[in-house]
Amino acid sequence: MTKDTRHDRQALIDRLAPLILEERRREAEYYAARHSRERPPWYFLNVNHPTIKRLYLRYIQRAFDGKPLVAPLGDLDRVKFELAMLHSAVLRELDAEYRSASAEVQPPPAEQPSTK
């Protein structure tokens, strides 16, 4: 098992956040297109929980790059916060899953011209 540096961890978060955000958007579009009342939760964590709120406020004050963020966070920064709450081993597993999924995705076949 390797020890992650802070830089490695941040690189994982930076790589995963846009992928997860895009997945959330696709899922939201899917449910919206079907006018479904059932929609999966957008966020992983409830920042109004007292413990999570404490971590959230600390995160805003000391973002990874050392610059404070402005609340409320944008969608991408919110995903980065949520990922920052996960253990490095979980981040590595997610990274492997998303890499594997992107390798499996094939572009749709080109439409064949009609022979009629």
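Let's start with a term: a residue is buried when its relative accessible area is under 20%. Keep that in mind for this predicted model.

First stop, Asp 95. Its relative accessible area is 8%, so Asp 95 is buried. Which residue does the side chain of Asp 95 meet in a salt bridge at 2.9 Å, N to O? The partner is Arg 15. Arg 15 sits in helix α1, and Asp 95 in helix α4, which spans residues 88–104, so this pair ties together parts 80 residues apart in sequence. Arg 15 is partly exposed, at 34%.

Asp 95 also forms a salt bridge with Arg 99, with the closest N and O atoms 3.0 Å apart. These two are four residues apart in helix α4, so about one helical turn separates them. Shared partners join Arg 15, Asp 95 and Arg 99 into one network.

How many salt bridges does the structure hold? Seven. Another of them links the side chains of Arg 26 and Glu 22, at 4.0 Å, N to O. Both are in helix α1, about one helical turn apart.

Arg 9 is buried, at 16% relative accessible area. Beyond its neighbours within four places in sequence, Arg 9 is in contact with several residues, including Leu 83, His 87 and Leu 91. Leu 19 is in helix α1 too, which covers residues 6–33. Leu 19 and Tyr 98 are 79 residues apart in sequence, but 7.8 Å apart in space, C-alpha to C-alpha.

Last, the surface. Arg 6, Arg 54, Arg 58 and Arg 62 form a positive patch. Arg 54, in helix α2, is exposed, at 61%.

Technical notes:
Residues numbered from 1 in each chain as written. Predicted model: local features only at pLDDT ≥ 70, side-chain atom pairs only at ≥ 80, totals over all residues. Heavy atoms only, no water. Buried < 20%, exposed > 50% of the residue type's maximum accessible area, 1.4 Å probe, protein only. Contact = heavy atoms within 4.5 Å. Patch = residues over 30% accessible without salt bridge, like charges linked within 9 Å, V, L, I, M, F, W, Y side chains within 5 Å. Areas by Shrake-Rupley, 256 points an atom, 1.4 Å probe, with all protein chains shown as cover. Lys, Arg positive; Asp, Glu negative; His and termini not counted. Charge placed at Lys NZ, Arg CZ, Asp CG, Glu CD.
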